[in-house]
Amino acid sequence: MILKKIQLTAIFIFCLFATIHTSAQAESAATAKQVVEKFQTELIAVMKNGKQLGYAGRYEKLSGPVSNSHDLTKIARIVVGKEWEKLSEAQQQKLVDVFIRLSISSYAYNFKDYSGEAFVFDSEEETTRGGVVVHSHLIIPDDKPVKFDYMLKEKGDSWRIINIIANGVSDLALKRSEYTSILQREGFDALITKINEKIDNYSKL
Amino acid sequence: MNKLYSGNRNAKSQRNILGMLIASTIFLGGCATNSATEQQQVANKDDPYEHFNRKMYTFNDRVDNYVAKPISDSYKWVTPQFVQTGVYNFFSNLKDINVVVNDVLQAKFAQSAHDTGRLALNTTMGLAGFVDVATQVGLEKNEEDFDQTLAVWGVPKGSFLVIPLVGPTTVRGIPGAIFDTAANPSSYVGIPVQLISLLNTRANAEGSLKFINEASLDPYVFTREAFLQWRHNLATDGKFEVSLDFDDELNNDVEPASKSTDISTENITLTAPEVNTEAK
C-alpha cells in the first residue's frame with residue numbers, strides 16, 4: 001500500500017515535471033534534435049503505460065506529441081506528389097485530416113507496450129537544402145536494434161519531422177509510391193476509403 | 001482415304017493455327033493495352049512489368065495463404081521456441097559461408113576475417129551452428145550475398161520482378177540467388193533439409209508479412225518499395241544518402257503546379273547505415 005502511494009507520488013511528480021519541461025521547451029524554439037528526443041521520450045512514456053491505456057488511451061496521449069513534432073500537412077502533401085495539384089481544396093483538406101488520424105493511429109497501434117526499449121541519439125547532420133537529419137536507434141532487448149533516422153525541416157520557428165527512415169526504409173518514399181499509385185489507378189475516394197479502413201483496423205486489432 | 005484424312009488433318013491444323021493466332025493477337029493486344037495504360041498511369045521505371053508482377057504477387061499471396069502460412073503456423077505451434085531459434089541459427093550459420101565468400105569477392109577482407117571467426121566459433125562452440133555464440137561475444141552477423149557483390153561490381157539492379165513461388169527480386173537478383181544457392185551446403189544435403197530451410201524462412205518472415213498486411217494500403221507497391229529500398233540499403237552498406245528531390249516540391253509552396261519532373265521514388269530514398277529489415 002505504502003509502496004503504491006510512493007509509486008503514485010513519483011508518477012505525479014514525473015508528470016508535473018514533464019508538463020513544466022514541455023511548456024518550457026515550447027517557449028524557446030527547440031532544435032531539431034530536441035524535437036526528436038522529446039517525441040521519443042513521449043512515445044516511450046506511452047509505451048510504458050500502453051497496456052493500461054489501451055488503444056484509445058494511447059491514441060489520445062499520442063495525438064498531441066505526433067501532431068506537434070511532425071509536419072503532417074506537408075507529409076500528406078508530399079505523399080500524393082503531383083496529384084496534390086489535381087485535388088480540390090476540399091479533397092486536400094479531407095486527405096490531410098484522414099492522414100493525421102492515420103499517423104496517430106499507426107503510432108498508437110505499433111507502439112503498444114514496453115519491454116525495455118530505449119531510443120539512443122547517434123548524430124545529427126545538416127542537409128544541403130537546409131534540412132536536418134537526426135540519426136538514432138531503438139534498442140530492443142534480445143533483438144537487433146532498429147535504426148531510426150529522422151528528417152526535419154524548419155516550420156516557422158520550430159523544427160518538424162517530415163520523414164522517418166527505419167532500418168534504411170524511408171516511410172515517405174514508401175507512402176508516396178503507395179498513395180500516388182492508388183490515386184492513379186483507383187482515384188481519390190478509393191484512397192480515402194483505404195486509409196479509413198486502416199484506421200479502423202488499427203483500432204480493432 | 002488417306003488423302004481425305006490428311007486433308008481433314010490439314011484443315012484441323014490450319015484451324016488450330018488460326019485459333020492460336022487469334023488468341024495470341026488478343027493476348028498481345030491485351031498486353032499492349034495494359035502496358036500502355038500502366039506506363040501512362042504508374043510510370044515506375046523500376047517496375048516496367050508491373051502488370052505481370054502484380055498477377056504473380058496475387059498468386060504467391062494465395063499460395064502463401066492456403067499452403068505456406070498454415071504449414072508455417074503449425075510448425076510454430078508445435079515446435080518449442082528454443083528449437084525454432086536453434087533451426088534459425090543452424091541455417092543462418094550455413095549462410096555465413098556465403099557471407100564469407102561474398103566478403104572476399106567484395107574485397108572486404110577485415111570483414112571476412114570477422115565472419116570467418118563467427119563461422120568457426122558457431123560451428124564448433126555453437127554445436128554445428130544451433131547456438132549463436134558469436135553474437136553473444138560481440139561478433140555480430142553481417143549480411144552479404146552475391147546480389148550485393150554484383151552491385152559492388154557495378155552491375156545495375158535491373159527491373160523489379162515477382163517470381164512465382166519465390167517472391168520479389170530484381171533481374172540482378174536471379175544470378176545472385178543461383179550463385180548463393182550453389183555456394184550453400186544446405187542445397188546439397190537432400191530435400192528434407194531444404195524443406196525445413198523453407199519452413200524456417202517462412203516462419204521467420206511472419207512478422208514482416210503481418211506488418212505489410214497491417215500497414216499497407218497497396219500491399220504490392222508496399223512490398224516492392226520496401227524490398228527495393230532494403231536491397232539498396234544492403235548493397236550500399238547503409239551509406240546514408242541525402243538526396244531530396246521532393247525538396248523541390250517542398251520549396252515550391254509558393255509556386256504551385258510546379259515543373260512536372262520525374263518523381264520516381266528512387267530519388268527520394270534515404271538509406272541508413274548497417275541495417276537490414278530481414279525478419280527475425
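How many bridges join strand β2 (residues 132-139) of chain A to β3(A)? The count is 7, and the two strands run antiparallel. What you see is a predicted model, where local features need pLDDT of at least 70, side-chain atom pairs count only at pLDDT 80 or more, and totals for chains, interfaces and linings use all residues. Residues are numbered from 1 along each chain as its sequence is written, chains are lettered from A and ligands numbered from 1 in the order in which they are written, and side-chain values use heavy atoms, with hydrogens and water left out.

**View 1. The open sheet of chain A has 5 strands in the order β1-β2-β3-β4-β5, with antiparallel pairing.** Because β1 (118-126) and β5 of chain A stand at the edges with a single partner strand each, one side of each has no neighbour in the sheet. Helix α2 (residues 32-48) of chain A packs on this sheet, where it touches β1, β2, β3 and β4 of chain A. The direction of this helix makes about 165° with that of β1(A). Here strands (E, at least two residues) and helices (H or I, at least four) are DSSP runs, numbered from the N terminus. Strands count as paired if DSSP finds at least two bridges between them, and a contact means heavy atoms within 4.5 Å. Look for H135(A), which stands opposite D149(A) in β3(A).

**View 2. Strand β4 (residues 158-166) of chain A is mostly covered, with 7 of its 9 residues buried.** Buried means under 20% relative accessible area, exposed means over 50%, and partly exposed lies in between (1.4 Å probe, protein chains only). Strand β3 (residues 146-155) of chain A is joined to β4(A) by 8 bridges, and the two run antiparallel. The hairpin of β3(A) and β4(A) has 2 residues between the strands, and G156(A) takes a positive phi near 65°.

**View 3. β4(A) also pairs with strand β5 (residues 169-170) of chain A, in the antiparallel sense and over 2 bridges.** I165(A) has S170(A) as its bridge partner in β5(A). These strands form a hairpin with 2 residues between them, and N167(A) in the turn has a positive phi of about 50°.

**View 4. A side chain of chain B reaches the backbone of chain A: Q229(B) comes to 2.5 Å from the backbone nitrogen of S170(A).** A polar contact is a pair of N or O atoms within 3.5 Å; within protein, one must be able to donate a hydrogen and the other to accept it, and residues adjacent in sequence count only if both atoms are side-chain atoms. Q229(B) belongs to helix α9 (residues 219-235) of chain B. Is Q229(B) buried or exposed? With a relative accessibility of 3%, Q229(B) is buried.

**View 5. Helix α2 (residues 50-78) and helix α8 (residues 191-215) of chain B pack at an angle of about 115°, their axes 10 Å apart.** Axes are lines fitted to C-alpha atoms, for helices over the stretch in contact, and angles run from 0 to 180 degrees between N-to-C directions. Residues of α2(B) that meet α8(B) include Y57(B), D64(B), A68(B) and Y75(B). On the α8(B) side, L199(B), R202(B), E206(B) and I212(B) are among them.

View 6. Most residues other than glycine have a negative phi. In L127(B), however, phi is positive, near 50°, and A128(B), also not a glycine, has a positive phi of about 60°. L127(B) is exposed at a relative accessible area of 59%, while A128(B) is partly exposed at 37%.

**View 7. Chain B has a strand pair of its own: β1 (residues 160-163) and β2 (residues 167-170) pair in the antiparallel sense over 4 bridges.** I163(B) stands opposite G167(B) in β2(B). In their hairpin, with 3 residues between the strands, L165(B) takes a positive phi near 65°. For orientation, chain B contains 10 helices and 2 strands, and buried residues make up 38% of its 280 residues.
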